Amino acid sequence: MNPAVSNFRLPADWAPDSWQQRVALQQPHYDDAGELAAAGAQLARLPPLVTSWEVLALKQALAEAQEGGRFLLQGGDCAESFADCTSPVISNRLKVLLQMSLVLVHGLKKPVLRVGRFAGQYAKPRSTDHEVRDGVSLPSFRGDVVNGPEFTAAARRPDPQRLIQAHAHSALTMNFVRALIDGGFADLHHPEYWDLAWVEHSPLAAEYRQMVAAIGDSLRFMETLAGPIAGFSKVDFFTSHEALLLHYEQALTRQVPRHPGWFNLSTHFPWIGMRTAALDGAHVEYFRGIRNPVAVKVGPSVTAAQLLPLIDALSPDDEPGRLTLIHRMGNAKIAAALPPLLDAVRREGRRVLWVADPMHGNTESTSNGYKTRRFDNIRGELDQAFDIHAAAGTRLGGVHLELTGEDVTECMGGARDLSERDLDRAYKSMVDPRLNYEQSLELAMLIVRKSAGAMPAPE
């Protein structure tokens, strides 16, 4: 499929601001409408963060993943912070994703599509609009793009200028990632560049290094026979975030020469979260008109009667690569909740990419007040997802993970068998618990082992 050619049709009744006629959930309350409008106007004048041809290239790659020709690895922070816009944090995050993709390419014997949850993941939905401490009620912390985490009236005030700061930090992140990749950071000849200094003690380190050595031997053998092979020095890399703040997304929605319609140029791959996926809501209204590939999180309460109209709204022409459905059911609920959805979509013959998010349905709180996730539950949900798709005659085409390259102790279990006592040693997340390097690599190895018996062959 030529990415320049698409059967996407712009809805006749759609405009970048038509979402404002719908109910918009999870939006902060800005106390100065003029200040918000001025920030939006400034954003609209700033350069985009991605290009339309990158967006269309990703859509083509996702279309190939829908047909079983690629596997999607989507991962990164639960919520980025402005303070973490530093070279070590960004490069370590990239290293983890590259290492995981190396494991997947080696084991799955197919290209891996790498999509980072960064360069824009600065907003998070919240269960309540306000947080109460000692009788004091303040607006909930909604991510650095909205307000600050400190429990003061000044920090918690939603500030439109943070929209401009989010664009700047996203641009800095994207610039550094592009420079690393263009400079050969992702060169398969030198995967040792991807090592993280603190993981020498990992029980998985020896197995990973054996895999790296095998790939290096294979690469040298091929180049001995055929000479240097183009394409091993660079990789394609794309960005994604939950398009939660619609004023921000609208300001970065642009028209471009030679391609009809509108592109969200804040990211390659925006998604709708479970809390904002109402069919008649503002987020679905906004998403139905942009040409980007889009995704929707699907939780255990979603029925086939709700999902099918949502698919019709977001992908009415069944465009290849257009729609990804990310199921996040929970280890205890996936067996009952997922099969009816797979059967309904398969019966309708709709073209979607099914992706598993084994993180969000497995969050719990510990006795000492930490929000955490058990690695056994994460692994269990992913393990079940492969089996359920195989039984339904569908294909699990990717994973969506919250992870970091930092030495954190936020999820229990995994290679070092982290316990509740370990959480306070290196719990750094401001919002949700993330997999550390070892747990991420262990999950990649699980995918390889499980997919060998559970994934249908490409058609």
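These legends describe close-up views of a predicted model.

View 1. Glu 381 sits in helix α11, which spans residues 375-392. Glu 381 is buried but has no salt bridge. The nearest side chain of opposite charge belongs to Arg 328, 7.5 Å away. A salt bridge needs the nitrogen and the carboxyl oxygen within 4 Å. Beyond its sequence neighbours up to four places away, Glu 381 touches residues including His 327, Arg 328, Met 329, Gly 330 and Asn 331. Ile 334, Asp 357, Pro 358 and Asn 362 are also among the residues touched.

View 2. Three strands form an open sheet in the order β12-β13-β15, and their pairing is mixed. The edge strands are β12 (363-365) and β15 (411-412), each of which pairs on one side only. Strand β13 covers residues 371-374 and pairs with β15 in the parallel sense, over two bridges. Arg 373 has Cys 411, in β15, as its bridge partner. Helix α11 lies across β12, β13 and β15. The helix runs at about 55° to β13.

View 3. Strand β3 (residues 130-133) pairs with strand β4 (residues 136-139). The sense is antiparallel, and there are four bridges. Val 132 has Ser 137, in β4, as its bridge partner. Two residues lie between the strands of this hairpin. Asp 134 is in the loop between β3 and β4. Its phi is positive, near 50°, in a residue other than glycine. Asp 134 is exposed, with a relative accessible area of 83%.

**View 4. Ala 119, a second residue with positive phi.** Most residues other than glycine have a negative phi. Ala 119 is not a glycine, yet its phi is positive, at about 60°. Ala 119 is found in the loop between β2 (112-117) and β3. Is Ala 119 buried or exposed? Ala 119 is buried, with a relative accessible area of 1%. Asp 134, by contrast, is exposed.

**View 5. The salt bridge of Arg 93 and Asp 77.** The structure holds 34 salt bridges. One of them joins Arg 93 to Asp 77, with the closest N and O atoms 2.9 Å apart. The pair links distant parts of the chain, 16 residues apart. Arg 93 is in helix α3 (residues 87-108). Asp 77 is in the loop between β1 (71-76) and α3. Both Arg 93 and Asp 77 are buried.

**View 6. The salt bridge of Lys 297 and Asp 357.** The side chains of Lys 297 and Asp 357 meet in a salt bridge of 3.0 Å, N to O. Lys 297 lies in strand β9 (residues 294-298) and Asp 357 in the loop between β11 (353-356) and β12, so the pair ties together parts that are 60 residues apart in sequence. Lys 297 counts as buried, at 7% relative accessibility. Asp 357 is buried too, with a relative accessible area of 0%. Asp 357 is also one of the residues that Glu 381 touches.

View 7. Lys 371 forms a salt bridge with Asp 432, and the closest N and O atoms are 3.1 Å apart. Because Lys 371 lies in strand β13 and Asp 432 in the loop between β15 and α12 (437-454), the pair ties together parts that are 61 residues apart in sequence. Lys 371 is partly exposed, at 29% relative accessibility. Asp 432 is buried, at 8%. Which residues make up the network of salt bridges? Arg 117, Lys 124, Lys 371, Arg 373, Glu 402 and Asp 432 are linked in it. Arg 373 is also the bridge partner of Cys 411.

**View 8. Leu 56 and Pro 293.** Leu 56 lies in helix α2, residues 52-66. Leu 56 is buried, with a relative accessible area of 4%. Along the chain, Leu 56 and Pro 293 are 237 residues apart. Their C-alpha atoms are separated by 8.1 Å.

Terms used:
Residues are numbered from 1 along each chain as its sequence is written. This is a predicted model: local features need pLDDT of at least 70, side-chain atom pairs count only at pLDDT 80 or more; totals for chains, interfaces and linings use all residues. Side-chain values use heavy atoms; hydrogens and water are left out. Buried means under 20% relative accessible area, exposed over 50%, partly exposed in between (1.4 Å probe, protein chains only). Lys and Arg count as positive and Asp and Glu as negative; His and the chain ends are not counted. Contact means heavy atoms within 4.5 Å. Two strands pair if DSSP finds at least two bridges between them. Axes are lines fitted to C-alpha atoms, for helices over the stretch in contact, and angles run from 0 to 180 degrees between N-to-C directions.
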